[in-house]
Amino acid sequence: MKKRMKRLAAVGLVTVMTGTMLLGCGGGSDSDSDTTSDGKVKIRFATWDDASVLDDQQACVDKFNESQDKIEVVLEGWGSDFDTKMTASMGAGDAPDVMYMWDYPTYSESLEPLDEYIDAEGEDYKNNFFEALWPYNSIDDQIYGVPVSVVTSCLYYNKDLFDQAGVEYPTDDWTWDDVAAAAEEIQSKIDGVNGFTLPIGTLPYTLEMYLWSNGTAFVDENGKLDGNINSDKAVEVFQTFQDMEKDGVLYASEEAGQTEMLGGKTAMYVDGTWPIKQFGEEGLNYGIAQIPKFEGTEHSISVINTSGIAISKDSKHKEEAWEFLKYWTGEEMNKHRIETELPALKSVVESEGLREDPNCAPFYTALDNCAGYTPASFIAEGWTEVDSDIQLAFESIINPSSLADPKEALDEVVAAHE
């Protein structure tokens, strides 16, 4: 999933793909008839997951079908062809009834608005989902998808390296100055170790959380870049990272950070929940804290990587599709997927004690602070080209071979699009 997330986020529109969040069968379309031989309404369900999880998804679909007298869901595993097939099927008026969804800015005109369906379920239904997830499944204040999962970001740290250097572990109150100080001390005592790693390829979708954490964003509510992405507070974010690099306490890596952490080559880096299973399997002695704060701020803000389940606007069986959507996003399925993704339902988080789990609790703490933040890709028109330019600007700022002036690099992004 993380590999897929990076590919999609490269165009500035991202969300977490279900199926392998903490990691850790369908056939093709059969649209000749919308009823089965025994008279059930047939609902097509398209997933972007590959063979590694399709068997499990099929078993869950089968369980739903066995409970139904009038509905039968057909799972279609589109894998890496998901976007191509979705675009083609929507253009041909033959989209699946139900599908995983992340790119609401692109596909919303072909999706069924879900506000009335959600309202009909009652206030408690909507409120059981974390509030911060709805903007990631909406466009122009209209909901097009029901959240499936949650991934926020936190600071990972290698306890063994901190212990070896005699440095206290990071806390949720740490600032970037604290990170720099700890990194410097660790590097002074342990050869061949980087104090903090920041991937050069960090995508704009992720980078914006650092701007939010410092009181700004790529764009304002109207999608305007000027005065936002190149504001003093935005420049401060990028200058902070560049200064840390110049001081030798930040390593700009060509890798994602996970590799360095597993290899004992870095003491700290920021990531979502994806590496937790591998870290556990390989016996890494690690801890998790909140993303460091900028001076003068109350807490950091994480971006959310979340996928949803949507219904095609052209579906002939929207009520039946909604019934399956509720099943796939409901408590039973949230619990079933706990080992592979963090639940989006408050009731499941509470019943399963996830806020007491040291591998889950920090990410829900981060989620508590995320309400009210919407990625620029959901706000600004024509974001794909802007996203690409921001990516290039960041790389020029953080790449040790260039170290471009942050203010100049960000002003160039504005000039190219204003």
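Author: Two strands pair if DSSP finds at least two bridges between them. Helices (H or I, at least four residues) and strands (E, at least two) are DSSP runs, numbered from the N terminus. This is a predicted model, in which local features need pLDDT of at least 70 and side-chain atom pairs count only at pLDDT 80 or more, while totals for chains, interfaces and linings use all residues. Residues are numbered from 1 along each chain as its sequence is written, and side-chain values use heavy atoms, with hydrogens and water left out.

Reader: How many helices and strands are there in the protein?

Author: The protein contains both kinds of element.

Reader: Why does the protein count as compact as a globular protein of its length?

Author: The globule rule (2.2 Å times the number of residues to the power 0.38) is compared with the radius of gyration, taken over C-alpha atoms. For 418 residues the rule gives 22 Å, and the protein is as compact as a globular protein of that length because its radius of gyration is close to this, at 22 Å.

Reader: What box do the C-alpha atoms of the protein fill?

Author: The box is taken along the principal axes. Its sides are roughly 70 × 50 × 35 Å.

Reader: What percentage of the 418 residues is buried?

Author: Buried means under 20% relative accessible area, exposed over 50%, and partly exposed in between (1.4 Å probe, protein chains only). By this cut-off, the buried share of the 418 residues is 57%.

Reader: Which residue stands opposite methionine 99 of strand 3?

Author: Strand 1 (residues 41–47) is joined to strand 3 in the parallel sense by two bridges. Opposite methionine 99 stands alanine 46.

Reader: Which residue of strand 13 stands opposite tyrosine 100?

Author: Strand 13 (residues 308–311) pairs with strand 3 in the antiparallel sense, over four bridges. Strand 6 also runs antiparallel to strand 13, with two bridges, and there valine 146 has isoleucine 309 as its bridge partner. The residue opposite tyrosine 100 is likewise isoleucine 309.

Reader: Which residues of strand 3 point the other way from Val98 and Tyr100?

Author: In a regular strand the side chains alternate between the two faces of the sheet. Strand 3 spans residues 98–101, and the four named side chains are buried. Val98 and Tyr100 point one way, and the other way point Met99 and Met101.

Reader: Which residue of strand 11 is the bridge partner of threonine 197?

Author: Strand 9 (residues 194–199) runs parallel to strand 11 (residues 266–271), and three bridges join them. The partner of threonine 197 is tyrosine 269.

Reader: Which residue of strand 12 is the bridge partner of leucine 155?

Author: Strand 8 (residues 154–158) pairs with strand 12 in the antiparallel sense over four bridges. From strand 12, Tyr286 and Ile288 point one way, Gly287 and Ala289 the other way, and all are buried. Leucine 155 is partnered by alanine 289.

Reader: Is valine 61 buried or exposed?

Author: Valine 61 belongs to helix 2 (residues 51–66). Its C-alpha atom is separated by 25 Å from that of aspartate 119, 58 residues apart along the chain. The relative accessible area of valine 61 is 0%, so the residue is buried.

Reader: Is aspartate 140 buried or exposed?

Author: Aspartate 140 sits in the loop between strand 4 (138–139) and strand 5 (142–143). Its phi is positive, about 50°, although aspartate 140 is not a glycine. Its relative accessibility is 71%, so aspartate 140 counts as exposed.

Reader: What is the relative accessible area of leucine 403?

Author: The loop between helix 17 (383–398) and helix 18 (406–417) holds leucine 403. Leucine 403 is not a glycine, yet has a positive phi of about 45°. The residue is partly exposed because its relative accessible area is 27%.
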